[in-house]
Amino acid sequence: MPNSFAQKFLPWLENASDAEMKREIDTPATLLIDGAQQGVKRIEIAYAPFDHVTQAAKIVIVGITPGRQQMANALQECRRQLQAGASWHTALAGAKVHASFSGPLRANLVAMLDDIGVAQLLDLDSTADLWEGASDLAHFTSALRYPVFVDGKNYSGAPSMTRVPVLRSQLETCLVAEMRQLPGALYVPLGPKVGEALEWAASRAGIPEAQVLSGLPHPSGASGERIAYFLGRKPKELLSVKTNAARLDAARAGLVTKISKLGGRV
């Protein structure tokens, strides 16, 4: 059953014109869910069709929040499917997959997950299969499910998700609820801010810390050197001062240990 936000916004979305869609993506008004002033900054939360939860998922990939481009991709794909006669359930599922992690980010994430043993744990040749034939095993989500903008720009981790009431409410009503639906899954946070939020939510959802795989470098291109070192592609002596080799070594060792202890439990 679609949630109240989907019930409210999907009828509008099905009939929205290109001009209306562009206006809402640029400056949400009809799709605005919530907003708050935090000091001198304005926080706004908009609806986009990221509601679908893959109920059979064994692994959950968690980003920080959909950006404006992801929002656009999801809205456009959901509208396309609705106008083609798809059910709400089908349109929501299709929009979620269409707008999920892609490009170099996905390739980096796959390489790191395979490296620490996740593919073997899930009985896959590679975690790349999670976007192909084994897509039913993966759920893609965000710590903040719906797009968050701070002073009109994509939210990137500040102010704190767990300390600001309007953001913490999203964690409580969306992320914690999703985790309770998938109590046996592995959770992979993308970046330290997401890791903090995910661990906060896991404690409230009753998810064991062993199932939260914190510590991977963020798979974006901006983390290229950290990823290369994590994967053994760049030696320690060639690292820049910006890369903390000891921290990455400890993170990788901890993740490999977690995966080995989880064998047969996922």
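Below is a chat about a predicted model of one protein chain.

Me: Before we dig in, what's the average pLDDT of the chain?
Reply: This is a predicted model, and the protein chain averages a pLDDT of 93, with 98% of the residues scoring at least 70.

Me: And where is confidence lowest and highest?
Reply: Helix α4 has the lowest confidence, at a mean of 87, while strand β5, residues 148–150, has the highest, at 97.

Me: OK, pockets. How much space lies in the largest one?
Reply: About 600 Å³.

Me: Which residues lie nearest its centre?
Reply: I64, T65, G67, Q70 and F101 do, out of a lining of 30 residues.

Me: What elements do the lining residues come from?
Reply: At least two residues each come from α3 (68–83), α4 (88–98), β4 and α8 (192–205). The largest share belongs to α3, with 4 residues.

Me: How does that lining divide into nonpolar, polar and charged?
Reply: There are 15 polar residues, 11 nonpolar and 4 charged.

Me: Let's look at β4, then. Where is S142 found?
Reply: S142 sits in strand β4, which covers residues 138–142.

Me: Buried or exposed?
Reply: S142 is buried, because its relative accessible area is 10% and the cut-off for buried is under 20%.

Me: What is S142 in contact with, leaving aside its neighbours in sequence?
Reply: Setting aside anything within four places in sequence, S142 contacts V62, G63, I64, T65, P66 and L175. Two of those names came up for the pocket: I64 and T65 are among the residues nearest its centre.

Me: How far apart are S142 and M71?
Reply: Their C-alpha atoms are separated by 12 Å, and the two residues are 71 residues apart along the chain.

Me: Switching to Q170. Which helix is that in?
Reply: Q170 belongs to helix α7, residues 165–181. Q170 counts as buried, at 5% relative accessibility.

Me: What does the side chain of Q170 have a polar atom close enough to list, 3.0 Å away?
Reply: The backbone nitrogen of Y146 is 3.0 Å from a polar atom of the Q170 side chain. Y146 also turns up among the contacts of Q170, alongside I45, L144, R145, V148 and L175, once neighbours within four places in sequence are left out. L175 is in the contact list of S142 too.

Me: Now backbone geometry. Which peptide bond is cis?
Reply: The one from A158 to P159 is cis, with omega near 0°. P159 lies in the loop between β6 (153–154) and α7.

Me: Which residues have a positive phi without being glycine?
Reply: D123 has phi near 60°, and D151 has phi near 50°. For context, most residues other than glycine have a negative phi, and most peptide bonds are trans.

Me: Where do those two Asp residues lie?
Reply: D123 is in the loop between α6 (118–121) and β4, and D151 is in the loop between β5 and β6.

Me: Are they buried, exposed or partly exposed?
Reply: D123 is exposed, with a relative accessible area of 71%, whereas D151 counts as partly exposed, at 44%.

Key: Residues numbered from 1 in each chain as written. Predicted model: local features only at pLDDT ≥ 70, side-chain atom pairs only at ≥ 80, totals over all residues. Heavy atoms only, no water. Buried < 20%, exposed > 50% of the residue type's maximum accessible area, 1.4 Å probe, protein only. Contact = heavy atoms within 4.5 Å. Polar contact = N/O pair within 3.5 Å; in protein donor to acceptor, adjacent residues only side chain to side chain. 1 Å grid on protein atoms, 1.4 Å probe; cavity = no way out; pocket = protein on both sides within 12 Å on 5 of 7 lines; lining within 4 Å. Points joined across faces, edges and corners; volume = space filled by probe spheres on them. Nonpolar A, V, L, I, M, F, W, Y, C, P; charged D, E, K, R; others polar. pLDDT = per-residue confidence, 0-100.
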